[in-house]
Amino acid sequence: MSLETISESRSFRGTQGVYRHRSRATGTDMTFAIFLPEAAQFGKVPVLWYLSGLTCTHENAMTKAGAQQWCDEAEIAIVFPDTSPRGEGVANDEAFDLGQGAGFYVNATQDPWKPHFRMWDYVTEELPALVCENFAVDPEAMGITGHSMGGHGALTIAMTHPDRYRSVSAFAPIANPTESDWGRKQFSAYLGEDRATWRAHDASILMAERGYPGEVLIDQGSTDQFLDLLRPEALAHAMIARRQPGQFRMQPGFDHSYWFVQSFMADHVFWHAERLA
């Protein structure tokens, strides 16, 4: 599968690139970014997948999360996918939390979304294969993280495919979408009204039913303006009930913004680097 280079820039000792390709999963052109540390010049390096939140593209975390310095130091790559298919002919909605920019990392089964909104397949299958084929990253050393809607995606993907992702963390994830307006609305549109099909995409339910074989790191701001929509207490309770190894950290005074993500990005990068080494 051919890649179009949009940009490549020196960042710390490594390279920050942005690329475009034609996706079989979504039937659209898709754009993603990848930072490669200096160590990638000499051999394959572990790779961390960062899934972004509502309204974001690849660019938000690439420019605002402050990950490149720490990834270069830790000698791991980081990939920033887009959050949905985009373009002419792709279904959309006037609301910011549905449609383009709000793929929720699921495979839609309902019209008008199902022809293009197959972000689960794109993020778990197609893009990893493409990245591993074209860049010096190790497919046996992958971790996953994300913010908000992306934290939801990271947790559900890791718990569904623990054999593929050796580490998982999340920043302020949408933790219990089947019981939140950030979830019920989107799952009804993308997956239909059968709530049984929603369960596979709810991190709190998956944590209660199966957990994750390694440790889990969750950071949540205590003054997050979206706490009622995120429902972090559901995930925290599920982790405690399951006795899931890991940390759930309520960070005092932090909101939902990228200032919060940036403040704890180094912790997450080195958490993953230790487990992917």
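A: Start with a definition: a disulfide is a pair of cysteine sulfur atoms within 2.5 Å. This is a predicted model, where local features need pLDDT of at least 70, side-chain atom pairs count only at pLDDT 80 or more, and totals for chains, interfaces and linings use all residues. Residues are numbered from 1 along each chain as its sequence is written, and side-chain values use heavy atoms, without hydrogens and water.

Q: How many disulfides does that rule give?

A: The count is 0 disulfides. C56 is in none; its nearest cysteine sulfur, that of C71, is 17 Å away.

Q: Are C56 and C132 buried or exposed?

A: Buried means under 20% relative accessible area, exposed over 50%, and partly exposed in between (1.4 Å probe, protein chains only). C56 is buried at 7%. C132 is buried at 19%.

Q: Which strands pair with strand 2?

A: Strands (E, at least two residues) are DSSP runs, numbered from the N terminus. Two of them pair if DSSP finds at least two bridges between them. Strand 1 (residues 4–11) pairs antiparallel with strand 2 (residues 14–22) over 7 bridges. There, S9 has Q16 as its bridge partner. Strand 2 also pairs antiparallel with strand 3 (residues 29–36), over 8 bridges. G17 stands opposite I34 of strand 3.

Q: Which residues take a positive phi in the hairpins?

A: Between strand 1 and strand 2 lie 2 residues, and F12 has a positive phi near 50° in that hairpin. The hairpin of strand 2 and strand 3 has 6 residues between the strands, with G27 at a positive phi near 70°.

Notes:
Helix = DSSP H or I, 4+ residues; strand = E, 2+ residues; numbered from the N terminus.
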